[in-house]
Every structure is written in C-alpha cells, then in structure tokens.
Amino acid sequence: MRAWRLIARASPAGGGIVPPRSRALDLHLRGVSQYQPAERHPHNTKYPPSTYLGDPAHSPYVAAPGANSSYATPYLEAYNLMEENADVIFESEVMMSERMYNSEAIPSDVHQPRPASQLPGPRSWPMVGCLPYMLTHKAFDPQRVYLFWEAVRQEFGPIFRKDMPGHPYLVFITQPEDLETLMRSTMYNPLRPGMASLKRIRSDGGADGDDHVHDHFFQGKAGILAEQGQEWWRVRRCVQRPVTNPQIVHRYLPQMDDVAKQFVDRIRRMRDDNDEVPESFNSELYKWALESLGTIALDRRLGCLEEDVSPSSRPMRLIQLAKQLLGALHETENVKLWQYFPTASIRRLQEAHQVFTDVALGAIRDTERLLACRPIRGHTLSNTHAHPFASSCPFHQNLQPSEIASSGTEAPSLLETLLATPGLSREDVLTFLIDMIATGIDTTSHAVGNMLYLLARNPRAQREVQREIDQVVGSPDRLTPDHLSGLTYTKAVFRETLRMMPVNVGIVRRLNRDTVLGGYLVPKGWEVVAPTMLMNHQESVFPRAHEFLPERFLRGSHLAPRHNFAFLPFSYGPRMCIGRRIAYQEIFSLIVRVLSVMEVDYKYEDVHLVNKLSYGPSSSLRFTFTDRR
C-alpha cells in the first residue's frame, strides 16, 4: 500500500485528504494550499519544483464572510495534490513491486455484499443483450447516449448492469464513492479497453490482409498505451518524464503563443460585417489544434493556418486525414463488423494512419540526424544515416521544422528527449507520437470551443476572465509561464467548463479482482464505466449543478464538489492524462490571446454535447468576436 499512502490517507471525518510524509513528498503536517503546489523533497533533485499553471501564492477570490467552506478546501487541496504530484508518486518500480490491492481496504457495506447476478439493469436477451430495450427506449439518441444512461440511472438506481453484444459484462457507476473504490482497487494494475481497430491496422496484414511498409514498426507496440504489465510501465515512465517536465513543456510556449496569435489574426479576417465568424469555425479550431500539436509532437509547423490554402494542398489534406482518422476510429470502435471482413471504415482508418505514420517517421528521421551531430545529456544516436525510417512520403516533404536545431541554452525538444531516452525504442516513440496526435486534436479543440461558448453565454464570467488577463498578463509580446500561472479565475472557468461540457465520455476499468461497488460484489474481468456526464451533473455532489459557476473551483467556495473523486477530468492515478500539462498550456495560450483583444458572443440555439470518440458540440459555433475598446 506504499504507493497509495504517498497520495493520501482519508481523514477520520471523511472530508478531504491529509498527506503524510514519504520518500517522494515532504508533505507531513503542512497544508497543501490550492495556490501553492506541493514541493518535492528538498533532497530530491530528480523532481524539481514545478512552476506549472494556475497556483499563485495569493488570490483575491475568497469565500464570502460566513460562507461554508467545509467542502471546498478539502476538495481543492486533494485534487491539486493528485494532479500536481501524479508524475512523482506513481513510480513504475514502486507500482510493479506492490502486491495486489488488499480487498480488506476496499470500503464495503456493513452487510454481506450482494452477488453481481442481482445487479439491477435493463432486461437482457441471448445474443443481443439489452439492445432491444435500448433501441426502443424513448430517451435513446445515438448522438446523445448520456441521456439514455441518465434515464436508466433514474429507473434502476446509481449502479446498474448493461449487457451489450460483443462486450464483456458492463457495470455503470454514478457515485463518487464507488469511483474512488474503483480507482483504488485497480491502481496497481489499471486495465482499460484498448482501441481494438487501431491494434488491427498496426498488425501484420492490417485491415485488408496485405503487407504494408510500416507494419513491422508496430510489432508488439500496437497497444502499448492501452495494455499493462512491465512493458506498459516501462514505456509509460520513459515517456512521462519528458512530457510532464516543466522545462520541456515551457519550451513550446513561444510556438504555442505564435500559433495563438496567428489564429487571432485569422479570426479577424474571417469575420463578416457583423463581426460573426462562419459556420466552419469548428473546423478552424480543429486546424488550430492540429497546428499546435504539430509544433509539439513533430517539432514543426504544418501550415494548417496559412491563408489561401488550396483544398488539394498538403496542410488541407492533413486536416482531412486527421478528421478521417478520428471519424473512422469512432465507427470501428462502435460497429465491429471489421472483425469479420474489411469494412470501409477500417480501410479509411488504415489510410489515414499510414499517412500520419509517414509524417511522424519523417520528423523522427530529421531529429535523429540532428542528434547524431549534437548529443543530448550524454546520449547519442548511432547509425542514423542508415535508419530505415527514411520516408519518401509526399506529406512529409517541405514541412518546415519549427526550430528543430534548438540552441544550446534552451531545453531540448520533446522529440529529441524521447529519442535520446535510454530504454525507449524508436518504435515506442513512433507509437506515442501518433497516439498523441490522434487523442489530442478532438479534446483540445472541443475544450476551447466549449469554454468560449460558456463564456459567451455568461458575460459576467467573461468580464472577470478579461479583468484577470488584463491585470496578470497585460499585452506582452511573448507569454511566459509566470503569466499563465497567475490565472486563477481563468483556471476555475476551465475546470467548470470540463464539468459542464466534458470532452471525455467517461472512465473505464477492467477489474483485476472481485470488487465491492454499490453493495454488489462485481467479479474480476467485468468492465466498470463511470460516465462523465452522470458524475458531473449531480445536485447531491455539485450544488446548483446545472448552473455555470466557476467560483465553485475557487478556494473557500461553499459550491465546491462534496467528494474528492467527484471531478476527475484528467482521470486519476497511473493513467492520469499524460499530456495534461501540454493541454493546459496550449488552451490557455489561445484563451489569453483571444480574450485580451476581443469579446465573444453567441446568438443562436443552445449547444449540447454529441458523442463520438469524445464529446463535441452539437452545432456550429458561430461566435461574434468584437474588438475590445
């Protein structure tokens, strides 16, 4: 249980987390303020103190006199501790040396738990499971499946079973107490369903049974970020250190800032006489996300935001293929007929995946050439001139590096560091880069769109964000980490956006032992789903849950979540989103540059979420951007 004790121990009253002293964290007998990130042990130089986003030492946002803060402070301290120190306390060598989680430590009912056969839920038929119930239910909408889940929860209770053809037994939980039990019980060996179609196209023969030029690169790596065990821990740890290193993350802030300023100029040019952007603005956000990710994952600008780009140009083709990749992945993960014969959707997935593999290989090849001449931290790559990653892909040719040859005074790039990391193969790096692009485009573009929409619908909050940007940031030529670290209220708005309009559908784990959830003994091997929309919109957990109230995420607020595991937008534990620091910096750079010079408004029908691979907006975001005076 050492790894869990490094995170927290519950207080006797059940409210909040009291961090103990440990090898990795020197947190004993001192409060971990929301605005003062937990410092590493003074003798531990392996993990320097983070200067990352959103925790200034002082804030003007405090609770009103007499406000009840019994929930707020424990939650905010606990969540910030989880997020800030996740990369420290989940050491692979510690986690893999632990024994299986002790079932006696799992909270359970006072009485004997009931068997899983008694779990409530829709009627299940042989072969088709509960499909007839679902398809005929008045609340079922294939684009808004969370409405159906909410209807089932109201009918059967906070925990229910849902049998679906082609899936293992599914149990849905909607209470934060059960989510905490799930996270604790699976912490040392966190299994979740992998992208089976992605594994298929990365295996020999791919989707169509033919050999392809890149097939051998992925042998043994196809599901590396979705599996478990020693190999998963090895790759996860090697990748996690550079991706979460503040020095490397901050290295990309100037490039992200340039992309954000270019996007602001693009907004000005695309506005009509009424200062309204066209219906294609969702796609414009998509271009911004792909361009930003290109500077990080591939160390180069892709040209997605250039003016007068023809539909047949390389940047536009990359954008089309990125949409094709994500759309096909959504189809193949929901309708799995490709398991029996090559479908059109899996062929589209394979086509897009091959092109992005070529682009990533080209970036790796260029960086290897650089590293062959300039060692990084004592490591060099040998024989790079003969490396088989050389590619003649037309999508790679003429892509412009964004300062590939970094100066000796700045931190090495992410790609440089990954390639120079001992124990991390080039195939591991290739797999990570493609997965980073595939999972990062939708989530960041949707998060920014949702945040702008909610601020447009809530002018008071928008004015407060702009006031904070004016005071903390001003109008600098370059954004710095210190600028972003002081945006306390803006960070609260971002968290409230992720609560009201999440981008992730939910947290899924496959149980590696029998576990008591909601008074039922759920067997090993069953999958447990915690739907984000159902967790985030409960009045019993989030006071005034259906209102947009960023203040709930400010210290001392009586509106704060009433359980430490009620709000986990980046998941929790070893599988906490590995790119969250990059995402914060990417999103905040754009929000600062847009709202420092413009006001945003939205005059059309309400926007709700539709589910694909992630949650996205239901309609075009036809914002009105008016220049600030």
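This is a predicted model: local features need pLDDT of at least 70, side-chain atom pairs count only at pLDDT 80 or more; totals for chains, interfaces and linings use all residues.
In helix α16, the residues Ala461, Gln462, Val465, Gln466, Glu468 and Ile469 are buried.

**Helix α16**

- An α-helix has 3.6 residues a turn, so residues three or four places apart point the same way.
- The exposed residues Arg463 and Gln471 are carried on the face of α16 that is turned away from its buried side.
- Helix α16 runs over residues 459–472, and its 14 residues should span 20 Å at 1.5 Å a residue, which agrees with the 20 Å that separates its end C-alpha atoms.

**A nonpolar surface patch**

- Val335, Leu337, Tyr340 and Phe341 together make a nonpolar surface patch of about 460 Å².
- One of these residues, Phe341, is found in the loop that lies between α12 (314–334) and α13 (344–373).
- Phe341 has a relative accessible area of 45%, and it therefore counts as partly exposed, since that class lies between buried, under 20%, and exposed, over 50%.

**Cysteines**

- A disulfide is a covalent bond between the sulfur atoms of two cysteines.
- With a disulfide taken as a pair of cysteine sulfur atoms within 2.5 Å, the count for this model comes to zero disulfides.
- Cys238 counts as buried because its relative accessibility is 15%, and Cys304, with a relative accessible area of 2%, is buried as well.

Note on methods: Residues are numbered from 1 along each chain as its sequence is written. Side-chain values use heavy atoms; hydrogens and water are left out. Patches are made of residues with over 30% relative accessible area and no salt bridge: like charges are joined within 9 Å, nonpolar side chains (Val, Leu, Ile, Met, Phe, Trp, Tyr) within 5 Å. Accessible areas come from the Shrake-Rupley method with a 1.4 Å probe; for residues, only the protein chains shown count as cover. A salt bridge is a side-chain nitrogen of Lys or Arg within 4 Å of a carboxyl oxygen of Asp or Glu. Helices (H or I, at least four residues) and strands (E, at least two) are DSSP runs, numbered from the N terminus. Buried means under 20% relative accessible area, exposed over 50%, partly exposed in between (1.4 Å probe, protein chains only). The expected span of a helix is 1.5 Å times one less than its number of residues.
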